[in-house]
Amino acid sequence: MSSPAVHLSHESPWGPLEVADAHVHFFSHHFWATLASQKPGLSIDQMAAQLGVEAPPEEPEKLAAVWVHELDRNHVSRAALIASIPGDESSVSAAVRAHPNRFFAYAMASPKAWNAEHFESIDAVCLFPAMHRYSLHDAEVQPMFEWAESHHRLVFVHCGVLSVGIRGKLGLSSPFDMRFSNPLDLHAVALRHPKVNFVVPHFGAGYFREALMLVDLCPNVYLDTSSSNRWTRYQESALDLRHVFRRALDVAGPQRLLFGTDSSMSGWNAKIFEEQATAFYEIGLSEADARAIFGENLLRIIAR
């Protein structure tokens with residue numbers, strides 16, 4: 001028997017609003033151990049001290065309980081948890097098994113080590129082409145799209161500027177390749193797989209124009225609003241959130257925007273919610289569209 005849904009209301013300019021966060025990083029013990037292994041002599045406890053946070057518990061179920069407390073404390077109903085390193089899909093799967101009414105399981109994967117059997121309980125496969133240095137058109141990537149289509153799963157594709165804050169703080173290199181970062185690389189793929197819903201976070205993270213072109217041409221592509229959106233610094237003319245939201249609404253419409261925070265080890269980032277809710281409200285977003293963007297759209301496109 002499935003667990004009953006949890007309905008919490010977060011205060012917003014429109015009044016109480018049920019929130020589902022489409023972008024939360026689940027930094028599991030396995031994630032931390034993998035980073036520690038990349039810097040000889042660095043232990044997980046030393047990492048935690050250097051970052052000024054507590055090390056995560058070894059059991060992903062216990063970390064999931066920490067996140068449940070965070071969601072409860074902030075009156076957030078659900079969140080998509082992203083396993084943020086390839087091979088860590090079991091961590092978010094365990095979190096969802098422990099709290100199926102609170103979480104969705106997203107997992108990073110590299111096509112160079114793709115194993116569909118490990119993703120049976122995963123709601124979205126997360127692709128980071130610049131991080132793992134491949135093109136979305138490489139033959140080795142196609143089985144991942146075929147899996148998503150046959151299993152009715154989402155495909156999350158990170159485009160644009162990519163920086164992993166925790167790596168920088170630990171002095172770890174990030175040998176990414178932005179040649180593989182353009183959202184337009186997804187165009188032919190999305191057209192070839194019209195039954196698959198694709199999610200591009202951060203409005204394309206610097207490729208805003210290209211992301212808008214993509215969603216205009218492909219009705220199965222969604223944008224998530226997550227992070228501080230510092231990529232706006234790279235635009236030729238100054239952009240603020242209000243300008244970004246207006247243009248995204250004009251092209252994608254309110255039904256293809258997904259609210260996200262990009263929260264991670266510091267807990268749920270309520271400041272991102274406040275900034276985005278204020279910006280949407282000030283440009284005249286209706287309450288019905290706010291309910292769609294801040295929760296209903298995510299719940300609608302996840303087939304579980």
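How much space lies in the largest pocket? About 1100 Å³ of space lies there.

## Basis of the model

This is a predicted model, in which local features need pLDDT of at least 70 and side-chain atom pairs count only at pLDDT 80 or more, while totals for chains, interfaces and linings use all residues. Residues are numbered from 1 along each chain as its sequence is written, and side-chain values use heavy atoms, with hydrogens and water left out.

## The largest pocket

The largest pocket, with its volume of about 1100 Å³, is lined by 44 residues, and the closest to its centre are His25, Ser163, Val164, Gly165 and Asp262. A pocket here is an open set of points on a 1 Å grid over the protein atoms alone, where a 1.4 Å probe fits, with protein on both sides within 12 Å along at least five of seven lines; lining residues have an atom within 4 Å of a point. The volume is the space filled by probe spheres set on the points, which are joined across faces, edges and corners.

Strand 1 (20-26), helix 1 (29-37), helix 5 (129-132) and helix 7 (165-169) are the elements that give two or more residues to this lining. Helix 7 gives the most, with four residues. Helices (H or I, at least four residues) and strands (E, at least two) are DSSP runs, numbered from the N terminus. By residue type, the lining of the largest pocket holds 20 nonpolar, 19 polar and five charged residues. In this count Ala, Val, Leu, Ile, Met, Phe, Trp, Tyr, Cys and Pro are nonpolar, Asp, Glu, Lys and Arg are charged, and the others, Gly among them, are polar.

## The second largest pocket

The second largest pocket holds about 280 Å³ of space. It has 16 lining residues, and Glu54, Leu63, Val66, Trp67 and Met265 are the closest to its centre. Helix 3 (residues 60-74) gives the most to this lining, with four residues. The lining of the second largest pocket consists of 10 nonpolar, four polar and two charged residues.

## Salt bridges

There are nine salt bridges in the structure, each a side-chain nitrogen of Lys or Arg within 4 Å of a carboxyl oxygen of Asp or Glu. One of them joins Arg73 to Glu70, at 2.9 Å from N to O. Both residues belong to helix 3 and are three residues apart, about one turn of the helix. An α-helix has 3.6 residues a turn, so residues three or four places apart point the same way. Glu70 is buried, with a relative accessible area of 11%; buried means under 20%, exposed over 50%, and partly exposed in between (1.4 Å probe, protein chains only).

Asp177 and Arg133 form another salt bridge, with their closest N and O atoms 3.9 Å apart. Asp177 lies in the loop between helix 7 and helix 8 (187-192) and Arg133 in the loop between helix 5 and helix 6 (142-151), so this pair ties together parts that are 44 residues apart in sequence. Asp177 is buried at 10% relative accessibility, whereas Arg133 is partly exposed at 43%. Glu282 and Arg242 also form a salt bridge, with 2.5 Å between the closest N and O atoms. Glu282 is in helix 11 (residues 270-282) and Arg242 in helix 10 (residues 241-252), so that distant parts of the chain, 40 residues apart, are linked. Glu282 is partly exposed at 49% relative accessibility, and Arg242 is partly exposed at 27%.

## Nonpolar cores

A nonpolar core is a set of buried Ala, Val, Leu, Ile, Met, Phe, Trp, Tyr and Cys residues joined through side-chain atoms within 4.5 Å. The largest has 70 residues, of which Phe103, Leu127, Phe198 and Phe294 touch the most other members. Helix 10 gives the most to this core, with six residues.

Leaving out residues up to four places away in sequence, the contacts of Phe198 include Phe145, Val155, Leu186 and Tyr222; contact means heavy atoms within 4.5 Å. A second, separate core has 21 residues, among them Cys126, Ala130, Val199 and Ile302.

## Helix 4

Helix 4 (residues 89-98) is mostly covered, with seven of its 10 residues buried. The buried residues are Glu89, Ser91, Val92, Ser93, Ala94, Ala95 and Val96. Their cover includes strand 1, helix 3, strand 2 (78-83) and strand 3 (103-108).
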